[in-house]
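Hi,

Here is the structure I promised to pass on to you. Have a look at it first, and then read on for what turned up.

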Amino acid sequence: MYTFQVKQKDKSRILSVFHFLIALILILDLSHIRHEGTKDWIFSGVYAGSCIFLIIMGLLQKKLLNNLSQHLSLLLFESAIILAGAIYFWSKGASLVAFSHGILAGVIILFWIYVKRREGGERIVISEMNIILPGLSGDRIVEWNELINVVKKYDLLTIDFKNNKLLQVEIINADHINENEFNQYCGQQLAEKNK
């Protein structure tokens with residue numbers, strides 16, 4: 001059995017843009033916060049402080065957010081603030097805004113779950129029985145009889161499917177795997193399973 005770790009792209013830039021987008025939503029909400037015809041200063045202060053905090057975190061993400069777990073904590077904070085906004089707007093009778101904020105909080109939680117699952121990186125496991133590939137919602141199991149070829153060359157793993165799909169991924173920490181031995185193993189599995 002062989003296990004390969006897929007090289008991950010840097011998600012910090014994407015996550016910092018996401019934090020900016022949430023800050024923009026909070027800025028838009030600030031213009032709608034009213035209590036009996038006047039500005040609700042308590043909730044406005046909480047929202048304004050959260051907005052400034054998110055903008056600072058987005059701008060200084062390289063200095064303040066050193067790892068993915070800190071981004072994950074910030075995502076939970078954002079979902080809590082958006083959910084608090086949903087409750088606030090529901091209490092003020094703005095049910096459409098409250099509903100949209102509830103959905104947004106749910107989407108942030110789903111995004112958090114996805115990022116959390118990918119925190120340790122993605123792995124491809126190649127065994128005698130099958131190949132396990134990482135998927136969006138869960139692992140995908142590929143049988144050997146669905147494949148034409150599996151080859152490792154330097155830091156690139158290529159999986160060629162019979163349905164004309166090709167998967168090429170850059171792998172890391174695979175220096176201990178002998179390429180010739182691995183490629184012979186895969187050729188042997190393909191020959192046995194495709195009889």
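**Helix α6 and the sheet**

Helix α6 lies across β1, β4 (122-126), β7 and β8, and runs at about 175° to β7. Before going further, please keep in mind that this is a predicted model.

The sheet under discussion is an open one built from seven strands, in the order β6-β5-β4-β1-β9-β8-β7, with antiparallel pairing. The edges are taken by β6 (140-143) and β7; each has a single partner strand, so one side of each is left without a neighbour in the sheet. On average, neighbouring strands are turned by 30° against each other, direction ignored. As a reminder for viewing, side chains in a regular strand alternate between the two faces of the sheet.

Two of the strand pairs are worth a visit. Strand β1 (residues 2-6) is joined to strand β9 (residues 166-172) by two bridges, and the two run antiparallel. Here Gln 5 has Ile 172 in β9 as its bridge partner. Between β7 and β8, also antiparallel, there are six bridges, and Asn 149 is partnered by Asp 160 in β8.

**The β7-β8 turn**

β7 and β8 make a hairpin with two residues between them. Is Tyr 154 buried or exposed? Its relative accessible area is 60%, and because anything over 50% counts as exposed, Tyr 154 is exposed. If you want a sense of scale, the C-alpha atoms of Tyr 154 and Gly 93 are separated by 61 Å, with the two residues 61 places apart along the chain.

**A salt bridge**

How many salt bridges does a search of the whole structure find? The search finds one. The partners are Glu 179 and Lys 152, whose closest N and O atoms are 3.5 Å apart. Glu 179 belongs to helix α6 (residues 179-193) and Lys 152 to strand β7, so the pair ties together parts that are 27 residues apart in sequence. Lys 152 is buried, at a relative accessible area of 4%.

Further along α6 you will find Gln 189, which is also buried, with a relative accessible area of 4%. Leaving aside neighbours within four places in sequence, Gln 189 is in contact with Glu 128 and Trp 144.

Helix α1 (residues 12-30) has 19 residues and reaches 27 Å from its first C-alpha to its last, close to the 27 Å expected at 1.5 Å a residue. Its buried residues include Phe 18, His 19, Ile 22, Leu 26 and Asp 29. Seen down the helix axis, the buried residues of α1 fall within an arc of 155°, so they line one face of the helix. On the face turned away from that buried side, Arg 13, Ile 14 and Leu 28 are exposed.

Asp 29 comes up again in the surroundings of His 101: not counting residues up to four places away in sequence, His 101 touches Ile 25, Asp 29, Tyr 47, Ile 82, Gly 85, Ala 86 and Phe 89. His 101 itself is part of helix α5 (residues 95-117). Why does His 101 count as buried? Its relative accessibility is 6%, and the cut-off for buried is under 20%, so His 101 qualifies.

Notes: Residues are numbered from 1 along each chain as its sequence is written. This is a predicted model: local features need pLDDT of at least 70, side-chain atom pairs count only at pLDDT 80 or more; totals for chains, interfaces and linings use all residues. Side-chain values use heavy atoms; hydrogens and water are left out. Buried means under 20% relative accessible area, exposed over 50%, partly exposed in between (1.4 Å probe, protein chains only). Two strands pair if DSSP finds at least two bridges between them. Helices (H or I, at least four residues) and strands (E, at least two) are DSSP runs, numbered from the N terminus. A salt bridge is a side-chain nitrogen of Lys or Arg within 4 Å of a carboxyl oxygen of Asp or Glu. The expected span of a helix is 1.5 Å times one less than its number of residues. The arc is that of the directions from the helix axis to the C-beta atoms. Axes are lines fitted to C-alpha atoms, for helices over the stretch in contact, and angles run from 0 to 180 degrees between N-to-C directions. Contact means heavy atoms within 4.5 Å.
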